[in-house]
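Q: I have a new model open on my screen and would like to learn how to read it. Could you walk me through some of its features?

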Amino acid sequence: MEVDIFQTNIQLTKNSRLPQVNWDNLPFGKLFSDHMFTMDFENGNWSKPTIMPYGNISLSPANSAIHYGQSCFEGMKAHRNLNGDVVLFRPYENARRFNRSNKRMCIPEINEEVFVNSILELISIDKKWVPQNLGHSLYIRPFIFATDPYIGIKPSDSYKFMIFTCPVGSYYSEPVSVKVETQYSRAVQGGTGFSKAAGNYAAALYPAMLAAKQGFRQLIWTDAKEHKYIEEAGTMNVLFVIDNVLVTPIAGDTILNGITRKSVVDIAKDWGMEVQERKIEVQEVFGALKDGSLTEAFGAGTAATIAPISNISLNGENFTIPESKDYHFHTKVLKYLSEYKIGKHPDKFNWLVKV
Ligand SMILES: *Cc1c(COP(=O)(O)O)cnc(C)c1O
């Protein structure tokens, strides 16, 4: 997979920070690997791919991404498998989603091979930053933003695509208590909810902060029109097991099409479980909580993979979900996915790409 259509300019650091890393205590998202990738879009073309030491960048104060948020990102992980090789999980899915996000924000497309190869190139240089500890991984953050120094509101003519990486520990999520949000909205029909556009996340901070003040770790977003249908759990997709059926909202234009959710659905089907991707009414979830047919609720996303939900609250009424048991689907699927990523199972779905 060495389709290097550009000649990347590589500037290696003279001061690797590797010796200072405490591998047994990795903070999330604060420790950055030695190098970063940058590539500029100017005059209608991508050029100047560079790998250089991680560091600050200089921007015009009139940069339109800062003012108007013309910016998107991706999030993915590299793992070290049992042979010590470094593998990416479904990176072409991220490449495709990045382009869907960018299209909505009038940001130029990046060829999928170029996107994946840029990541492979950066990681092969910072391979030693991929943790050796089982279950630990290298978080990869590709992102793109407008760079025109112009405060008129229009699509920028120039952009910068960058990638940096962070070694991260294994992320075990304690079961969390969540609140069904019926006042604020994350996404609206025809809006940008399906896109990993920067502004979506800023807009979600305030309702999440209010929920945190009430003691909830996360929100369950509902549709903006009626607050009648379940959409997502914070920045994760949400799935339920009701009467032994895996039920999850359809990823439409208000729901981000998560790769973890998609993988969980694929695995469930492969295991012969019934899966329903459909609209889910808030009332259905509460009915199922009341009559005991809802046995599991969990979020799915790259950071935690699976985040079990212990309590769901709606307008002050609180329901507890029976505690996680080993036979629970989400426990099994988390184990399987974690093992899959490190090569413990055959790559039957063709999800792994070796660096
Ligand atoms: C990134 C993201 C997800 C999860 O997507 P993955 O591909 O599984 O990491 C879910 N919801 C939102 C809002 C997201 O930004």
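Q: Which side chain does Arg278 meet in a salt bridge?
A: Side chains of opposite charge can pair when their charged atoms come close. Here the partner of Arg278 is Glu284, with 2.8 Å from N to O. A salt bridge is counted when a side-chain nitrogen of Lys or Arg lies within 4 Å of a carboxyl oxygen of Asp or Glu. Before we go on, keep in mind that this is a predicted model, where local features need pLDDT of at least 70, side-chain atom pairs count only at pLDDT 80 or more, and totals for chains, interfaces and linings use all residues. Residues are numbered from 1 along each chain as its sequence is written, and side-chain values use heavy atoms, with hydrogens and water left out.

Q: How many salt bridges does the structure hold?
A: There are 20. One of them joins Arg96 to Glu112, at 3.5 Å from N to O. This pair links distant parts of the chain, 16 residues apart: Arg96 sits in helix 2 (residues 91-104) and Glu112 in helix 3 (residues 112-125). Helices (H or I, at least four residues) and strands (E, at least two) are DSSP runs, numbered from the N terminus. Arg96 is partly exposed, at 35% relative accessibility, and Glu112 is partly exposed too, at 30%.

Q: What does Arg261 form with Glu277?
A: A salt bridge, with the closest N and O atoms 2.9 Å apart. Arg261 belongs to helix 5 (residues 259-270) and Glu277 to strand 14 (residues 275-277), so this pair also links distant parts of the chain, 16 residues apart. Arg261 is buried, with 4% relative accessibility, whereas Glu277 is partly exposed at 35%.

Q: Turning to the backbone, where is Lys48 found, and what is its phi?
A: Lys48 is in strand 3 (residues 45-53). Its phi is near 55°, a positive value in a residue other than glycine.

Q: What is the phi of His227?
A: About 50°, also positive although His227 is not a glycine. His227 lies in the loop between strand 10 (218-222) and strand 11 (230-233), and counts as buried at 18% relative accessibility.

Note on methods: Buried means under 20% relative accessible area, exposed over 50%, partly exposed in between (1.4 Å probe, protein chains only).
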